[in-house]
Amino acid sequence: MTAAGYRVAPARLDSVAGEFGSRADALATAQSAVAGEKVPAAAFGQVGESAAAAKTFEKTMTELGAKLESGVSRLRTLQSGLTASAAGYRRADAQVAAMYRALLPEDPLPKAGNPSGIGGSADTGAWAHAIADNRVKVADALTAERAKLAALTDPDEIARSRARIKLYEDILANNRQILRFDPSGNGRIAELVGHIEPGTRNVGLFVPGVNTQMSNFDAYAGLGRSLVAADPTGRTAMVVWADGVFPQNPVVQGPDASYAQTMAPALKHFADDLRGEIASHAGSDVTLTAIGHSYGGATVGLAETRGLDVDRVLHVESAGMGHGVWSPSDLPASQAGVQRYSMTAPLDPIEIAQGNAWGLEWTGIGHGADPDTFPGVTELETGRSAAGDQLWGLSSHSDVLKPGSESWTNIYRVITSGPVTPDGTFDPNGILEHGIEFLNDGGVLR
């Protein structure tokens, strides 16, 4: 007699837990609406029984509210139990996987099709251990975030919490490769998209900017996925790095260089680790490109002052070359061979920050030189969106990252050594017209 085998799917447990959570939210809304609901006696007419009818109605609503509250409590308990169970299964899977990995050699022997003996992919080695460990951390964070959401009342906090939950669920359901993970505060995270393996030739390292937090990380990860998917040869991988504390207010905190000064050493160290992974799994014939968007450009720039080990740097709507970086002489000799590119859409307000320290650089304000005019930098066209609209103004600050736009195409081509479109395309009936409107409106973007 043999026992029937079975397999638990943690992702399905998460899905059902989410359904219970949604039902609990709906019941909680109904419970709040009926609990203690009172109707004046006059609503029941001007008869002697009106007061009694009002009391009966109030009692009925109170009892209904209590039943709904009990239902909410049961659903929350089921949700918590299912989430904890899913996390437990994942933890056990990770522990078993780690036991098996410990029995395997760290680097495979040379074999046919791989005479160098370079490892199969970043799915083995130190990063594989980090990915497995972070799956457990994400599962635990999902449990905690669901419990946190149940107690939130502020709409903005609820939205951020739900965005985190959606991210965590997707990470677990799709076995995403999370290299760094810390859910505390606004959250810190880094993700490998694609694979670093024999045949990989292009690796991008993307650093976002102001307002980056765990709840909006997936927008940047989506950029990484689009760039990897665009390479039909499968030779491109991306790392989206948000493993730092980012400024959250562009006006108050955006000019402050201290955030970049804190993140730059960590980014430099991470790039060193990335170089090691590339060397051991893909070989030496790989081009590594650092892309800094907005405040991320200033962070990449300061990492360069510490010898950031990359072949290319691309500043996208960048705040600057980094605090205190005004000329190539402010960079170490190790950066002499780095190819640099920059793109800024017309009338993006980031232009106010570029090359401007407002006379306060000594206080830690400002992000150095304007990347678009920095010696040796190739300025690139931002052009039009996928729909054919000219990219300009406030919206262009993020729109330049959208797949299908001319700016996105230039980003992809920098990473993959393709032919780029230099800046110089000017639409007198488009940008100039909008610029005149901008000035006529007193500098208020519409």
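Tutor: Let's start with contact, which means heavy atoms within 4.5 Å. This is a predicted model, where local features need pLDDT of at least 70, side-chain atom pairs count only at pLDDT 80 or more, and totals for chains, interfaces and linings use all residues. Residues are numbered from 1 along each chain as its sequence is written, and side-chain values use heavy atoms, with hydrogens and water left out.

Student: Which residues does H315 touch, not counting residues up to four places away in sequence?

Tutor: By that contact rule, H315 touches G292, G297, G320, M321, Y341, S342, M343 and P371.

Student: Why is H315 called buried?

Tutor: Buried means under 20% relative accessible area, exposed over 50%, and partly exposed in between (1.4 Å probe, protein chains only). H315 has a relative accessible area of 0%, so H315 is buried.

Student: Where does H315 sit?

Tutor: H315 lies in strand β6, residues 312-316. Strands here are DSSP runs of E, at least two residues, and helices are runs of H or I, at least four, numbered from the N terminus.

Student: What makes β2 and β4 a pair?

Tutor: Two strands pair if DSSP finds at least two bridges between them. β2 (residues 188-193) and β4 (residues 236-242) have five bridges, in the antiparallel sense. In β4, W241 is the bridge partner of A190.

Student: And what is the strand order of the open sheet?

Tutor: Eight strands run β1-β2-β4-β3-β5-β6-β7-β8, with mixed pairing. β1 (177-182) and β8 (377-379) each have a single partner strand, so they stand at the edges, one side of each left without a neighbour in the sheet.
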